[in-house]
Amino acid sequence: MRKEDKEVIINSITEQLNACPNFYLTDIAELNAEKTSNLRRQCFNSNVKLVMVKNALLKKAMENTGREYGDLYSVMKGTTALMLSENGNAPAKLIKKFRKTDSRPILKGAYIEECVYVGDNMLDTLVNIKSKNELIADVVALLQSPAKNVLGALQSGGHILSGVVKTLSERPE
């Protein structure tokens with residue numbers, strides 16, 4: 001491969017890494033063409049971009065981003081597929097679902113919102129990570145809960161109070 005071609009690929013990967021705050025490094029080497037096509041289809045349906053990359057070019061692209069990737073460099077051996085996503089847990093859920101029928105893809109590592117996860121044993125942890133929107137929804141629900149309780153108590157108290165007033169007004173003097 002010519003140096004100019006490598007630079008184009010490195011720049012393309014760098015742009016993709018800068019555009020997505022989350023990515024996974026996986027090994028899909030032993031998947032046949034049919035299973036790879038099925039994985040790509042599922043990735044497309046889940047808004048996950050799957051890209052096969054050369055480790056050396058990916059390392060250079062990662063260095064170009066200026067971010068700290070820690071131990072991710074150590075897992076880039078053999079065949080590497082890059083899974084890019086806006087949602088931090090979408091690729092993990094996809095991998096877990098796909099592995100119900102196959103032993104691949106194997107998770108090498110992940111970079112989620114400036115945190116590094118290394119090893120296939122981290123898959124369950126990554127599945128349980130909540131997205132930014134899910135966390136915001138949880139906080140809003142927690143903030144609304146006390147207000148709903150107070151309103152509910154006031155409304156039920158109003159019914160009781162109105163019942164007492166009505167009973168007293170109907171009572172003969």
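Two strands count as paired if DSSP finds at least two bridges between them. In this predicted model, strand β4 (residues 106-112) and strand β5 (residues 115-118) run antiparallel and are joined by four bridges. One of the residues to look at is isoleucine 112, whose bridge partner in β5 is cysteine 115.

Which residue of the hairpin of β4 and β5 takes a positive phi? The hairpin has two residues between the strands, and glutamate 113 takes a positive phi near 45°.

Helix α1 (residues 3-19) packs with helix α3 (residues 55-65) at an angle of about 55°, and their axes are 8 Å apart. Because of this angle, α1 is oblique to α3, and the crossing of the two helices is right-handed.

On the side of α1, the contact is made by Lys6, Ile9, Ile10, Ile13, Thr14, Leu17 and Asn18, while α3 contributes Leu57, Leu58, Lys60, Ala61, Met62, Asn64 and Thr65. When the residues of this contact between α1 and α3 are divided by kind, eight are nonpolar, four are polar and two are charged.

## The buried residues of helix α4

Helix α4 spans residues 90-98, and its buried residues are Ala90, Pro91, Ala92, Leu94, Ile95 and Phe98.

Terms used:
Residues numbered from 1 in each chain as written. Predicted model: local features only at pLDDT ≥ 70, side-chain atom pairs only at ≥ 80, totals over all residues. Heavy atoms only, no water. Axes fitted to C-alpha atoms, helices over the stretch in contact; angles between N-to-C directions. Parallel < 35°, antiparallel > 145°, perpendicular 65-115°, else oblique. Left-handed = near helix turned anticlockwise from the far one by under 90°. Contact = heavy atoms within 4.5 Å. Nonpolar A, V, L, I, M, F, W, Y, C, P; charged D, E, K, R; others polar. Buried < 20%, exposed > 50% of the residue type's maximum accessible area, 1.4 Å probe, protein only.
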